[in-house]
Amino acid sequence: MTSRFSGTRFPKPLWQRDPLHLMDRNRTRTRTRYFTPSEVAAHSTTADLWVSFLGKVFDLSPLVTRFQGDALLLPITECAGRDISSWFDPQTRDIRRFVDPQTSCVRYYTPRGRFIHTPPSGPRSDWDNDVDEPWWKDLQYQVGLLSEKTRWIRIINTLTSQEQLLEVCSEETLEEILQRYLCYNSHARSYTWKFDGAVLDMSATLTENGVRDEDQELDQLGLDRDIFTPAVLLHFNDDLTEG
């Protein structure tokens, strides 16, 4: 499945070409891709519709195309680009259920109205219950995972003095953050990445590299996060063979 990020004037990083899996430098599949809520929110049209729920990110664009014109798409299209975890029971990971007071039957709880693959309240001749997997359980729609905590960092190129502010996922390794940064500097691998004078381990996360996430502490102290955004310094290796 391909990503459809648009509007960028830079070459697409590897994670945009294969959003469900990140690729290592040998182009072999590695870890599942993490997304920020803002990245999910960017896919908010019927032609490009993503949602997140229970920590997963789904691209429902093929579902919308398949059921185009169906009124049962309305609750889904109304929530395009948003998190819909409130629709689900975190224990069963299925749509929430309730006992209908009129029929005393257990039904899906859909306060926004029925949507694709949820059955009607009673017998109907136009309801096709021959569904192998409802869309929320069908992994063909999953493009990755939603980050539990995002954070901002500054990446400073010490050669050109260019500074780039990036929102990244706390679960991402430095190599995965580098892939985000490639659209700003296609030779990012020709640099040594450092923080506080120490060379960073590109296979580890920011926290594992000693770059603490101090957002909560800053909030408690009433300090502006933007002033204390950690800076990762890039030192050129005089080698452009890593483009």
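The exercises below, each with a worked solution, concern a predicted model.

**Exercise 1.** Determine where Asp59 is found and whether Asp59 is buried or exposed.

*Solution.* Begin with the element: Asp59 belongs to strand β6, which covers residues 56-59. Next, take the relative accessible area of Asp59, which is 0%; since buried means under 20%, Asp59 counts as buried. Finally, look at the side chain of Asp59, which is joined to that of Trp50 by a polar contact of 3.4 Å.

**Exercise 2.** Describe the largest nonpolar core, and say which element gives the most to this core.

*Solution.* Start with the core itself, which has 24 residues, and in which Phe53, Leu60, Ile76, Phe88 and Trp135 are those with the most contacts. Then turn to the elements: β5 (48-53) and α3 (61-66) are those that give two or more residues to this core, and β5 gives the most, with 3 residues. Now follow Phe53, which, when its neighbours within four places in sequence are left aside, is in contact with Phe58, Asp83, Ile84, Ser85, Phe88, Trp135 and Trp136. Apart from this core lies another, of 17 residues, including Val168, Leu178, Ala188 and Leu200.

**Exercise 3.** Work out whether Ile227 is buried or exposed, and which residues form a nonpolar patch with Ile227 on the surface.

*Solution.* First locate Ile227 in the loop between α6 (215-221) and β16 (231-236). Because its relative accessible area is 62%, and exposed means over 50%, Ile227 is exposed. As background, nonpolar side chains in soluble globular proteins tend to be buried together.

Conventions
Residues numbered from 1 in each chain as written. Predicted model: local features only at pLDDT ≥ 70, side-chain atom pairs only at ≥ 80, totals over all residues. Heavy atoms only, no water. Helix = DSSP H or I, 4+ residues; strand = E, 2+ residues; numbered from the N terminus. Buried < 20%, exposed > 50% of the residue type's maximum accessible area, 1.4 Å probe, protein only. Polar contact = N/O pair within 3.5 Å; in protein donor to acceptor, adjacent residues only side chain to side chain. Core = buried A, V, L, I, M, F, W, Y, C linked by side-chain atoms within 4.5 Å. Contact = heavy atoms within 4.5 Å.
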